[in-house]
Amino acid sequence: MLVVMKAQATEEQIKAVCDHIEFLGYRPHPMPGAQRTAIGITGNQGEANRGNLEEMPGVAEVIKVSKPYKLASRDVKEEDTVIRFAGTDATIGGGSLAVVAGPCSIESREQAFAIAEQVAAAGAQFFRGGAYKPRTSPYAFQGLGLDALKIMAEIRDRLGLRIITEAIDNETLDLVAEWADVVQIGARNMQNFSLLKHAGRLRMPVLLKRGMSATLDEFLMAAEYIMSEGNYEVILCERGVRTFADHTRNTLDLSIVPAVQKLSHLPILVDPSHGTGKRDKVLPMARGAVAVGADGVLVEVHHQPEKALSDGPQSIYPEQFAQMVNEIEQIAPIVNRKLHRGIRVETAAK
Ligand code: PEP
Ligand code: MN
């Protein structure tokens, strides 16, 4: 259920409605919008009791949300969610195009800085790098853990880039939340409901990758798990799904971008690196991602991909990344977006 407040409803009226929702035994989720605030209701088994909600001051209407996902749905919030990063001009969602780049894994301080400096110079706003790696083989490189988180924090301090890195379980979630700006939940964990709920208790953005065989509904329901706990800063990421095709590692499903945008207000990025698994396919699919209206791209970049400890074959060279930024910058205006190169960080007033 959803309580739509009148455009002129006051803070007190919104609070009174939230209190009444709690009194009825449910959880209120106020979602302020440009025109009006809507308050999502969760916690009901079956049809929610409307109580006195309809008669309360400031309430425009009380409507039933028919979709299984509620807080992720455009019914609750019409306009696109824009995620902001305090003290910077970086955003994800809305009119700007976000660029996330970095190696699959942080392998050493030298490697991470060499790549970070080049992607920053070429215009990325976000740096990615795995500290905890979900590997198919237990004998493969598992990531540098806390050391990698510290290296990325240093990159943020030196270069301004905001940091995105994956938490693979509840244990690593708290550490990642402490050191990074965005917590990534990987494809293999898209339906790890315990991890999703824990991420929902954070008050920081979560980048949720699509599971490798997840339908659109399952993807949005995974986002709903995070939002149901009160964290509304969810960024979706298409990274390819398993199909019979063997010319690529995964089949990048670009059609999910307009499909998500029709149903949900959440931003969606596209990852053409995992989505293709092949270096020479990354640039064309990044162009395609921007052309279909994605809110940005996430790509793996390595200065020595032949020596990479993970995902070398799909990692592009820094020069290819620079070319990608140039090309998607030109495509962006066709879909009413702008790529603001790099990130500007406010310096503390002296
Ligand atoms: C990654 O981003 O390095 C990663 C492991 O991605 P995915 O979860 O999409 O496989
Ligand atoms: Mn990878």
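Predicted model: local features only at pLDDT ≥ 70, side-chain atom pairs only at ≥ 80, totals over all residues.
**Stop 1: the ligand.** Select ligand 1 and look at where it lies: it sits in the largest pocket. Now show the residues around ligand 1: C104, R128, K133, E166, Q184, G186, A187, R188, K209, R239, H274 and E300. Colour that shell by class and you will find seven charged, three polar and two nonpolar residues.

**Stop 2: polar contacts.** Pick R128 next, where an N or O atom of the side chain is 2.7 Å from an oxygen atom of ligand 1. Then move to H274, which places a polar side-chain atom 3.3 Å from a ligand 1 oxygen. At E300, a polar side-chain atom is 3.4 Å from an oxygen atom of ligand 1. How much of ligand 1 does the protein bury? On its own ligand 1 exposes 300 Å², and the protein buries 97% of that.

**Stop 3: aromatic rings.** The model has two aromatic pairs. For one of them, select F85 and F126: the ring centres are 5.0 Å apart and the planes meet at 65 degrees, over the 60 that edge-to-face requires, so this pair is edge-to-face.

Definitions and conventions
Residues numbered from 1 in each chain as written. Chains lettered and ligands numbered in written order. Heavy atoms only, no water. Near = heavy atom within 4 Å. Polar contact = N/O pair within 3.5 Å; in protein donor to acceptor, adjacent residues only side chain to side chain. Areas by Shrake-Rupley, 256 points an atom, 1.4 Å probe, with all protein chains shown as cover. 1 Å grid on protein atoms, 1.4 Å probe; cavity = no way out; pocket = protein on both sides within 12 Å on 5 of 7 lines; lining within 4 Å. Sits in = over half its atoms within 2 Å of the grid points. Nonpolar A, V, L, I, M, F, W, Y, C, P; charged D, E, K, R; others polar. Phe/Tyr/Trp six-rings, centres within 6.5 Å; stacked < 30°, edge-to-face > 60°.
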